[in-house]
Amino acid sequence: MIKLEKVKKVYQSNKQNVVALKEINLEIKPSEIYGIIGYSGAGKSTLIRLINMLERPTEGQIWIDQKLMNQLNDRDLRFARQEIGMIFQHFNLLWSRTVRGNIAFPLEIAGLPKEEIDQRVNELIQLVGLTERADAYPSELSGGQKQRVGIARALANRPKVLLSDEATSALDPKTTDSILELLQEINKKMGITVILITHEMHVIQKICHRVAVIDDGEIVEEGSVFEVFTHPKKSITKEFVKQVTETKMVDETLRYLPHDSSSYILKCGFVGETANKPIISQWVKTVNVDVNILEGNIQYVQDASYGTLLIQINASKDKLDESIAFLQQNGVEVEVVEDVRYQ
Amino acid sequence: MFDINKWQALLDIAVWLQLGTAFLETIYMLVLSGIFTVILGTPLGILLVLTDKGQLLENKVVNIITSIIVNVFRSIPFIILMVLLLPFTRWIIGTPIGSTAAIVPLIVGAAPFFARLVETSLREVNKGVVEAAISMGANVSQIVRKVYLPEALPSIVSGITVTLIALISYSAMAGLLGGGGLGNYAIIYGYQLFNTPIMLVTTAVILILVILVQIFGDSLSKKLDKK
Ligand SMILES: Nc1ncnc2c1ncn2[C@@H]1O[C@H](COP(=O)(O)OP(=O)(O)O)[C@@H](O)[C@H]1O
Ligand SMILES: [Mg+2]
């Protein structure tokens, strides 16, 4: 569906070159929600803006539906753009137009007749739940409502692709969730391919199917969200995963544990099926150890659950090895946590 | 200064009729030159923005030429511009004197001034909105008509207000070259016939006109501004 091949982008400013993207290869399947996560300055906006040619690649090729985007002439590019919707962090609505007028805007550009525009605008207003506010100006709307207008506007010409450049970054957590749910609903209902960039793992966790991690102009890790979540490889990916899985409490919890040289702390990961089995009680009975659960949490990623437990056991080294073996046999991921006090 | 005979002139109905005629001449000059100033100045302002670096129709040569023309006409003092334009005015209107003839230098003087105001207004339009329009596949003309102009309208209306007020003062100067209007009237009575009262009354009328334009322009701009 969307393919980026050896894409490179260099900005030239004041005779100084900034390499924003080094060599990006990316393939996005139809109807998936593809997330790209990275810190500020990593090249996310540049990457997403290359897809609709708001930026031209310095090298490489960008394909959408067998169409080589970077070689279209101006006219064909304008038509191609009508099939790609885009939403923005700061909404970018027209202040001078009402909700209705803003949503009608792309339809006017596409040259639809007046009656058709009116009808389509009504459908879209309903879709994003703004029926009550149809005649309000953007300055009279909340951030979440503005983004709903942005989404309706982006969908007006029934695009096949929706690009989202940090669409929830200016919103509070609750509004963020409602916007993400709307995007998910639209993806399910219309099968539209969504590409979103963000610096928040929460956004990826909540709605994305696949994710790429971008760092300093390069994609350093890529895969299904579940895989990347449960088994992050690069340290930057681990940092992002920590944003949502690990509470800051872990270090605190360890710090205040009573000193006891004969105890170990295990971090156990339960993926999918294993999260639903009574493994801990079986372990206690089989190996005969005392366990003390320090902390635990369960995450839901793409309708699957992923749990983490922090467990303290008072046992000998033999018992510890036996425990680890038992847990691993049962599909639990085990890691012995170094006691922070000795670090 | 306080000569009772001269104040008595204000009781003469003919004086008020002349004043009314002068007022209408001024309005006539203002309306016509205002309309043409907007018609000529707006595209110039748009051109200044669009041909600038990094803009939709980036073109260094056109940008520099437009900019020079605008700056030159804006820098020539109006009174000199009027004289310089005499042959041109005669060629277009047929005569260099009268209210209609005065409109030519008024437009030439005000259009570049207004073009700069339009340029400033357009530059204040949120780049993100322009970008959104591009991402929807809008062409340059659609971006100008549907984004730049409507989004900048409140600010452009303020620009028109400022320009109209400048035109009122220019048109008073045009009176010097027989352009008629309130300026002409004030000069004849105040400077040539030394009738201070009539000059004061005429000045007051000009002042009220300026204030009315300002109030009306401000409130219209405010009403259009949905930000
Ligand atoms: N128009 C531009 N001109 C020059 N440098 C740019 C431009 N846009 C972005 N950059 C640079 O490219 C890099 C990536 O920027 P960007 O894609 O905006 O990152 P992100 O969206 O991940 O924060 C940054 O170093 C930024 O300074
Ligand atoms: Mg960005």
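Ala, Val, Leu, Ile, Met, Phe, Trp, Tyr, Cys and Pro count here as nonpolar, Asp, Glu, Lys and Arg as charged, and the others, Gly among them, as polar. By that scheme, the shell around ligand 1 holds five nonpolar, five polar and one charged residues.

This is a predicted model, in which local features need pLDDT of at least 70 and side-chain atom pairs count only at pLDDT 80 or more, while totals for chains, interfaces and linings use all residues. Residues are numbered from 1 along each chain as its sequence is written, chains are lettered from A and ligands numbered from 1 in the order in which they are written, and side-chain values use heavy atoms, with hydrogens and water left out.

**Ligand 1**

A residue belongs to the surroundings of a molecule if one of its heavy atoms lies within 4 Å of it. Around ligand 1 these are A:Tyr11, A:Val18, A:Ala20, A:Tyr39, A:Ser40, A:Gly41, A:Ala42, A:Gly43, A:Lys44, A:Ser45 and A:Thr46. Strand S2 (16-28) and helix H1 (44-51) of chain A each give at least two residues to this shell. Helices (H or I, at least four residues) and strands (E, at least two) are DSSP runs, numbered from the N terminus. H1(A) provides the largest share, three residues.

Polar atoms of the protein also approach the ligand. A polar backbone atom of A:Gly41 is 2.6 Å from an oxygen atom of ligand 1. For a polar backbone atom of A:Gly43, the distance to an oxygen atom of ligand 1 is 3.0 Å. A:Ser45 uses a polar side-chain atom, 2.8 Å from an oxygen atom of ligand 1. Taken alone, ligand 1 exposes 560 Å², and the protein buries 61% of that. Accessible areas come from the Shrake-Rupley method with a 1.4 Å probe.

**Helix packing**

Axes are lines fitted to C-alpha atoms, for helices over the stretch in contact, and angles run from 0 to 180 degrees between N-to-C directions.

| Helix pair | Angle | Axis separation |
|---|---|---|
| H5(A) (residues 143-155) and H6(A) (residues 173-190) | about 20° | 10 Å |
| H2(B) (residues 13-50) and H3(B) (residues 60-75) | about 135° | 9 Å |
| H2(B) and H6(B) (residues 99-123) | about 40° | 6 Å |

Angles under 35 degrees count as roughly parallel, over 145 as roughly antiparallel, 65 to 115 as roughly perpendicular and the rest as oblique. H5(A) is therefore roughly parallel to H6(A). H2(B) is oblique to H3(B), and H2(B) is oblique to H6(B).

A crossing is left-handed if the near helix is turned anticlockwise from the far one by less than a right angle, and right-handed if clockwise. H5(A) and H6(A) cross right-handed. H2(B) passes H3(B) in a left-handed crossing. The crossing of H2(B) and H6(B) is right-handed. Residues of the H2(B) contact with H6(B) divide into 20 nonpolar, seven polar and four charged.

**Chain B overall**

Chain B has ten helices and zero strands. Its C-alpha atoms fill a box of roughly 75 × 40 × 25 Å, taken along the principal axes.

Key
A polar contact is a pair of N or O atoms within 3.5 Å; within protein, one must be able to donate a hydrogen and the other to accept it, and residues adjacent in sequence count only if both atoms are side-chain atoms.
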